[in-house]
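The sequence and the structure are shown first, and the description comes after them.

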Amino acid sequence: MAKQPGVLKPSFGGFPFAVPTPTPLFNVASALAKPAIDKVADTKDSIGIVLPDVSSTERRENNHLFTFPGARPNLESQWRHVEWTEEQKTSLMKTVRSYKPSSGEVTQAQVLLLGPVGSGKSSFISSVQSVFNGRVTNRAMVGSSSTSFTKKLQSFNIHGQSGEDPTGLVLCDMVGLGGGEMTGPTLHDIMSVIKGHAPEGHKFSPDQPVRSETVGYVKRPSLKDKIHCVAFVVDASKILTYPKGLSTTFQQLREHISDLGVHQVALLTHIDQVCSQTYKDVTQVYKSHIIRDMMVKAASLLGMSTSYIIPVRNYSSELDLDVNTDVLLLTAVDHILQYADLYFQDNTRQNPGPKID
Ligand SMILES: Nc1nc2c(ncn2[C@@H]2O[C@H](COP(=O)(O)OP(=O)(O)OP(=O)(O)O)[C@@H](O)[C@H]2O)c(=O)[nH]1
Ligand SMILES: [Mg+2]
């Protein structure tokens, strides 16, 4: 990045804090493009992060290498209780469909998905929408590239089959963290989205931060414009290779987001790529030592307790829904809605909560 007066250099230790600063998050695009461990030669990218030297085709074909050897046999019982039944799926769908925010001012909870490039943010939206549609659909466009495939802010009403009312949940997609100097979001832009200033469809660019001159800028956001919960999304197959700076970035984000009174949860995706038993049978998720270890590592990366983290398997290559995958996805949605609702409970008129400008 060309050095400009007053502009801080990209920092691998998190965001430089003279916001608004057109400085994207760390440039780890290529480091993010590969599952955790592989037996290939290493080369260095421009910022010194060690990258495996493999073609993108090879990367795609290596999707299920299960590079975590010496797996211990699974636990006999689940360490979190989940009922893997059609009834449970129906019951969770009913809970989500009937969800109404505990605030008369809004009818839907807006949840922002935030995480590194390729972590599965758009896939989660598509997967949740697929559960409610009754078939696998690619609603939020899913991609695979080293820079973020998603470029703009886009909100998705989660709704049932045509004719049904939308649920009380809106999932908001945006550009991934670490997409490189020209595409990664700045802290300022992320906070503008959460505060409700950024217009729907805003295309993120470090040289064009969200500001009052931005077309569609929301000057005085009301409760309905704001984000009510943030769901961080991290890829289990990359937990061991995410750059160190990502942890600092999450910490800084969490501090700023918490200051606004917005609760945060996390989704651990790609679990099918780290545990062969979970790949074969998703009901093994809470019996797998590997997934439990990955959740502990994700908790440490994010600086949050594992109780906020839900593992999910997104639909990626499947054409048909699977009831167990649906139960896990719906458990995540239920978890998200509980934390989104805390925001409304904290911010009712009687209890205005922290002032958000
Ligand atoms: N096996 C598997 N693949 C997944 C999972 N989630 C996402 N993927 C794949 O990972 C790739 C990236 O997924 P996206 O949903 O586009 O990720 P994203 O976070 O939206 O990425 P950007 O928009 O580029 O920031 C796609 O090829 C998905 O099919 C998962 O749980 N398991
Ligand atoms: Mg995306």
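## Overall composition

The structure is a predicted model. Its secondary structure consists of 8 helices and 8 strands. The protein has 357 residues, of which 42% count as buried. Among contacts between residues at least 6 apart in sequence, 72% join residues at least 24 apart.

In soluble globular proteins, nonpolar side chains tend to be buried together. Here the largest nonpolar core has 75 residues, and Val111 and Ala231 touch the most other members. Helix α8, residues 323–346, gives the most to this core, with 11 residues.

With residues up to four places away in sequence left out of the count, alanine 231 touches Val111, Leu113, Val265, Ala266, Leu267 and Ile336.

## Helix α3

Helix α3 is mostly covered, since 12 of its 13 residues are buried. Among the buried residues are Lys121, Phe124, Gln129 and Phe132. The partners against which the buried residues of α3 pack are the strands β3 (109–114), β4, β5, β6 and β7, together with helix α8.

After α3 comes glycine 134, which has a positive phi near 85°.

## Helix α7

Helix α7 comprises 14 residues, 289–302, and reaches 20 Å from its first C-alpha to its last, close to the 20 Å expected at 1.5 Å a residue. Its buried residues are Ile290, Ile291, Met294, Met295, Ala298, Leu301 and Leu302. These residues lie on the same side of α7, because they cover an arc of only 135° around the axis.

The elements that the buried residues of α7 pack against are β6 (229–235), α5 (245–259), β7 (263–269), α6 (276–280) and β8 (309–311). Just after α7, glycine 303 adopts a positive phi of about 70°.

## The shell around ligand 1

Which residues come nearest to ligand 1? Of the 22 residues around ligand 1, they are Gly120, Ser123, Thr150, Gly176 and Ser316. The shell divides into 3 nonpolar, 16 polar and 3 charged residues.

Helix α3, residues 121–133, supplies the largest share of this shell, 3 residues. Ser123, named above among the nearest residues, is also one of the buried residues of α3.

Aspartate 165 is found in the loop between β4 and β5 (166–173). Aspartate 165 is exposed, because 10 other C-beta atoms lie within 10 Å. From C-alpha to C-alpha, aspartate 165 and arginine 97 are 8.9 Å apart in space, while 68 residues apart in sequence.

Notes. Residues numbered from 1 in each chain as written. Chains lettered and ligands numbered in written order. Predicted model: local features only at pLDDT ≥ 70, side-chain atom pairs only at ≥ 80, totals over all residues. Helix = DSSP H or I, 4+ residues; strand = E, 2+ residues; numbered from the N terminus. Expected span 1.5 Å × (residues − 1). Buried ≥ 20, exposed ≤ 12 C-beta atoms within 10 Å, placed from the backbone. Arc of directions from axis to C-beta. Contact = placed C-beta atoms within 7 Å. Near = placed C-beta within 6 Å. Nonpolar A, V, L, I, M, F, W, Y, C, P; charged D, E, K, R; others polar. Core = buried A, V, L, I, M, F, W, Y, C linked by C-beta atoms within 7 Å.
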